[in-house]
Amino acid sequence: MLSHAVPADGDCLYNAINHQLEQLGIAAPSIPELRHLAADYIEANRDTMICYMSNPDTGDMLSPAEFDKYCHQVRATKAWGGEIEIKALSSSLKCPIEVIQAVGPTTVHGEGEDAKRKLVLTYHRHMYRLGEHYNSTKMLPPKSVDEEDD
């Protein structure tokens, strides 16, 4: 598998997912539509999702107002997406999403979903100036007959 670079513009997770869907021949929602899907899922599953969300300054669980603000930022800004949004999109799109990283184990959200629809992303903690980043992947091209003889 090869890494496929997507822009480091705040929409990297959504661009990587979009690229994966297109490679599988699945109708790919636009970036704003993916953001809406993620925010809608998070809001609809508030009681479950809020347990994994905390205020970055205090470490406390989000208040209802902070939760609403978080969902608004997912939906309407270029706020960086992470594990919460991956979980939301995996469930919404009915696709398992595998995240490969250089350090630490590979994670898979939506393991019960159709394996033929699996999306594979790479996570880069410190590779880019802006900090954390997601890229897409693509399959290696098949070896030619000449390459196989080497």
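Analyst: In the account that follows, helices are DSSP runs of H or I with at least four residues, strands are DSSP runs of E with at least two, and both are numbered from the N terminus. The model under discussion is predicted.

User: How many helices and strands does the chain contain, and in what order do the elements run from the N terminus?

Analyst: The chain has six helices and five strands. Read from the N terminus, their order is β-α-α-α-α-α-β-β-β-β-α. As for overall dimensions, the C-alpha trace spans about 65 × 30 × 25 Å along its principal axes.

User: What describes two packed helices?

Analyst: A packed pair is described by two quantities, the angle between the helix axes and the distance between them. Consider α1 (residues 12-23) and α5 (residues 83-93), whose axes come within 11 Å and cross at roughly 30 degrees. Because angles under 35 degrees count as roughly parallel, α1 is roughly parallel to α5. The crossing of these two helices is right-handed.

User: Which residues of α1 and α5 meet?

Analyst: From α1 come L13, Y14, I17 and L21, which meet E85, I86, L89 and L93 of α5. By class, this contact of α1 with α5 comprises seven nonpolar residues, one charged residue and no polar residues.

User: How is α2 placed against α5, and at what angle do the two pack?

Analyst: Helix α2 (residues 31-44) packs with α5 at an angle of about 95 degrees, the axes being 8 Å apart. Since that angle falls in the range of 65 to 115 degrees, α2 is roughly perpendicular to α5. On the α2 side the contact is made by L34, L37, A38, Y41 and I42; on the α5 side, by I84, E85, K87, A88, L89, S91, S92 and L93. These residues divide into nine nonpolar, two polar and two charged.

User: At what angle do the axes of α2 and α4 cross?

Analyst: The axes of α2 and α4 cross at roughly 160 degrees and come within 8 Å. An angle over 145 degrees counts as roughly antiparallel, so α2 is roughly antiparallel to α4. Here the crossing is right-handed. The residues of α2 that take part are R35, H36, A38, A39, D40, I42 and E43, and they meet F67, Y70, C71, Q73, V74 and R75 of α4. The contact of α2 with α4 holds seven nonpolar, two polar and four charged residues.

User: How is the largest pocket to be read, and which residues lie nearest its centre?

Analyst: The space in the largest pocket is about 260 Å³. Its lining consists of 15 residues, and S54, P56, L62, Y70 and Q73 lie nearest the centre. By class, the lining has seven nonpolar, four polar and four charged residues.

User: Which helix gives the largest share of the lining of the largest pocket?

Analyst: Helix α4 does, with four residues. Both α4 (64-76) and α5 supply at least two residues each. Two residues already named in the contact of α2 with α4, Y70 and Q73, are among those nearest the pocket centre.

User: Turning to the strands, where does Q101 lie, and which residues does it touch?

Analyst: Q101 belongs to strand β2 (residues 97-101). Setting aside residues up to four places away in sequence, Q101 touches Y123 and R125. Distance in sequence and distance in space can be read side by side for Q101 and H124: they are 23 residues apart in sequence and 6.5 Å apart in space, C-alpha to C-alpha.

Key: Residues numbered from 1 in each chain as written. Predicted model: local features only at pLDDT ≥ 70, side-chain atom pairs only at ≥ 80, totals over all residues. Heavy atoms only, no water. Axes fitted to C-alpha atoms, helices over the stretch in contact; angles between N-to-C directions. Left-handed = near helix turned anticlockwise from the far one by under 90°. Contact = heavy atoms within 4.5 Å. Nonpolar A, V, L, I, M, F, W, Y, C, P; charged D, E, K, R; others polar. 1 Å grid on protein atoms, 1.4 Å probe; cavity = no way out; pocket = protein on both sides within 12 Å on 5 of 7 lines; lining within 4 Å. Points joined across faces, edges and corners; volume = space filled by probe spheres on them.
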